[in-house]
Amino acid sequence: MAAATAKTYPNAIAGGIDLGGTKIEARLFGAGYQSLEATRFPTPTDTVETFLQALSKAIRWLEETSGRGSRLPIGIGLPGIINPFNGAAMAANIPVTGLDLPAAIARKIGRKIPLINDGQAFALSEAHGGAGLGARSVLGLIMGTGIGAGHVLDGALPYRRNIAGIEAGHLGLPAPLLERHGLPIRPCGCGRKGCFETYLAGPGLRRICQHKLGHALPPEDLGAAVANGDPAATGVLEIWAALAAELLLTLHLTLDPDCIILGGGLSQLPQVTDHLARAFTRVRLGPMALPDLRLAAHGDSSGARGAAILAVQEAAKE
Ligand SMILES: [Zn+2]
């Protein structure tokens, strides 16, 4: 629960909320989107009403802590997709599926709060004072328990029809590549088979370990084995990097960004950018300049930080 606080931050420029399956994080930002203070509320998963109450508490905490009340721009990042025409939401582990979420929030809070997919929030955060420094076209790729991605051009989100990320995790991995590495075609949570996410996210990497090493190592243990020079573990990391390079190639060929910024737990694997850069170079197309591969600068606060940046950009349009 939020601790009662007497201190306020009149210089706060925005608040960001990161909606997750276990917690709702509210974070207040000052100049340059530096984090001033943050709090967390557990995410109720029983009913829409208790969920909206918790979200409302997080928003009130930001308004009160800033001392700016409803004049504080606030944005919400969520791991999901919203159809802007009927508001229908789909989000992992949050009881909003099928709900007109933007309308429900506006009714509950009494003001319009911009929503952003967490992959887009990550990219927006890294494009503003993060690892995207100096780049016009920034692609963010989160590899953690799932795959998320987002794209920012000249500091802003390019128009897209849906409130969604670059849903790259659900692109299909080419079957010949799975065949080359002796991997089975696996079903994905989205209902299809052979999606990148089922191999590249944390659970997917565990399954590659199970398949190649005979036991399902968590990514951090695999990373430790690679760091200790274990050749079998390094072989698994290289298979993972070869599959990930195919996704990087797809993103490069379609969006052609200046840089791809890596976040999420798997970006902490040892020398991950070197492994990926080597695999990427093997599949490149002709003379096209490849994007720089960089590690995220803002880590876990990216969801809230990107949502806050969007809130300021939206407020400037009003
Ligand atoms: Zn899928």
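Which residues are linked in a network of salt bridges? They are Asp-18, Lys-23, Glu-25, Arg-27 and Arg-40. The model is predicted, so local features need pLDDT of at least 70 and side-chain atom pairs count only at pLDDT 80 or more, while totals for chains, interfaces and linings use all residues. Residues are numbered from 1 along each chain as its sequence is written, and side-chain values use heavy atoms, with hydrogens and water left out.

**Charged pairs**

A salt bridge is taken here as a side-chain nitrogen of Lys or Arg within 4 Å of a carboxyl oxygen of Asp or Glu. By that criterion the structure holds 10 salt bridges. Side chains of opposite charge can pair when their charged atoms come close.

Helices (H or I, at least four residues) and strands (E, at least two) are DSSP runs, numbered from the N terminus.

Burial is classed by relative accessible area: buried means under 20%, exposed over 50%, and partly exposed in between (1.4 Å probe, protein chains only).

**Cysteines**

With a disulfide defined as a pair of cysteine sulfur atoms within 2.5 Å, the structure holds zero disulfides. Cys-209 is in no disulfide, and the nearest cysteine sulfur, that of Cys-188, is 19 Å away. Cys-209 is buried, with a relative accessible area of 0%, while Cys-190 is partly exposed at 39%.

Two strands pair if DSSP finds at least two bridges between them. Four strands form an open sheet of mixed pairing, in the order β9-β8-β10-β11. The edges are β9 (147-153) and β11 (292-295); each has a single partner strand, so one side of each is left without a neighbour in the sheet. On average, neighbouring strands of this sheet are turned by 20° against each other, direction ignored. Axes are lines fitted to C-alpha atoms, for helices over the stretch in contact, and angles run from 0 to 180 degrees between N-to-C directions.

Strand β10 (residues 259-263) pairs with β11 in the parallel sense over four bridges, and Ile-260 stands opposite Leu-293 in β11. Helix α9 (residues 272-283) packs on the sheet, touching β8, β10 and β11, and its direction makes about 160° with that of β11. Contact means heavy atoms within 4.5 Å. Helix α3 (residues 118-127) lies across β8 (137-143), β9 and β10, running at about 45° to β9.

Strand β4 (74-78) is mostly covered, with five of its five residues buried. In a regular strand the side chains alternate between the two faces of the sheet. Both faces of β4 are covered: Ile-74, Ile-76 and Leu-78 are buried on one side, and Gly-75 and Gly-77 are buried on the other.

β4 pairs with β1 in the parallel sense over four bridges, and Gly-16 stands opposite Gly-75 in β4. β4 also pairs with β7 in the parallel sense, over three bridges; there, Asn-117 in β7 is the bridge partner of Leu-78.

**Helix α10**

Helix α10 (residues 302-317) has 16 residues, which at 1.5 Å a residue should span 22 Å; its end C-alpha atoms are 23 Å apart, which agrees. The expected span is 1.5 Å times one less than the number of residues. The buried residues of α10 include Ser-302, Gly-303, Arg-305, Ile-309 and Leu-310. Among the elements that cover the buried residues of α10 are β1 (14-19), β2 (23-29), β4, β7 (115-117) and α3.
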